[in-house]
Amino acid sequence: MPNTWNSEIDNQDSVVAPARPRFGWKESPEQDRPTRRIMRLQLVQHLRHCDPTESSTRRLAAMAFKLEPVLYMSSSTKEEYLDKKTLNRRLQMISQGLVVLKAVHSIKLLGLSV
């Protein structure tokens, strides 16, 4: 039986690495880090504006930290991600989606079918 291990090592130069999945404008998250930091700060400001009674910056920052990745991954373009005009609507959509997910999770915990 031929030794396939050695032939694989010998042909190493001809092996092509698998292609990375394409994520459009989100292909290099490292480069987006400063933009995402700015978005989290904008989210804190937006949340503070929506609920002026919330005095805890730490709590608002924690909320922004959870919401920002969802905004990032759900945006088709960088312009959409950064669009302040649609931010409130996008946050409402996320909130409604989370409510639905929590309801489905609760139903499953009760052993009921969805």
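The side chain of glutamate 54 reaches the backbone nitrogen of serine 56 at 3.2 Å, a polar contact in the sense of a pair of N or O atoms within 3.5 Å, where within protein one atom must be able to donate a hydrogen and the other to accept it, and residues adjacent in sequence count only if both atoms are side-chain atoms. The structure is a predicted model, in which local features need pLDDT of at least 70 and side-chain atom pairs count only at pLDDT 80 or more, whereas totals for chains, interfaces and linings use all residues. Residues are numbered from 1 along each chain as its sequence is written, and side-chain values use heavy atoms, with hydrogens and water left out.

Glutamate 54 lies in the loop between α2 and α3. With a relative accessible area of 17%, this residue is buried (under 20% relative accessible area; exposed is over 50% and partly exposed in between, with a 1.4 Å probe and protein chains only). Apart from neighbours within four places in sequence, glutamate 54 is in contact with Arg59 and Leu60, contact being defined as heavy atoms within 4.5 Å.

The protein contains five helices and zero strands, assigned as DSSP runs numbered from the N terminus (helices: H or I, at least four residues; strands: E, at least two). Of its 114 residues, 22% count as buried. Among contacts with a separation of 6 or more, 54% involve residues 24 or more positions apart.

Leucine 91 contacts Leu43, His46, Leu67 and Leu71, its neighbours within four places in sequence being left aside.

The average pLDDT (the predictor's confidence in each residue, from 0 to 100) is 78, and 68% of the residues score at least 70. Over residues 4-9 the pLDDT stays under 50, and the model has zero contacts beyond four places in sequence for them. Residues 11-21 also have pLDDT below 50, with one contact in the model beyond near neighbours in sequence. Where pLDDT is low, predicted coordinates should not be read in detail.
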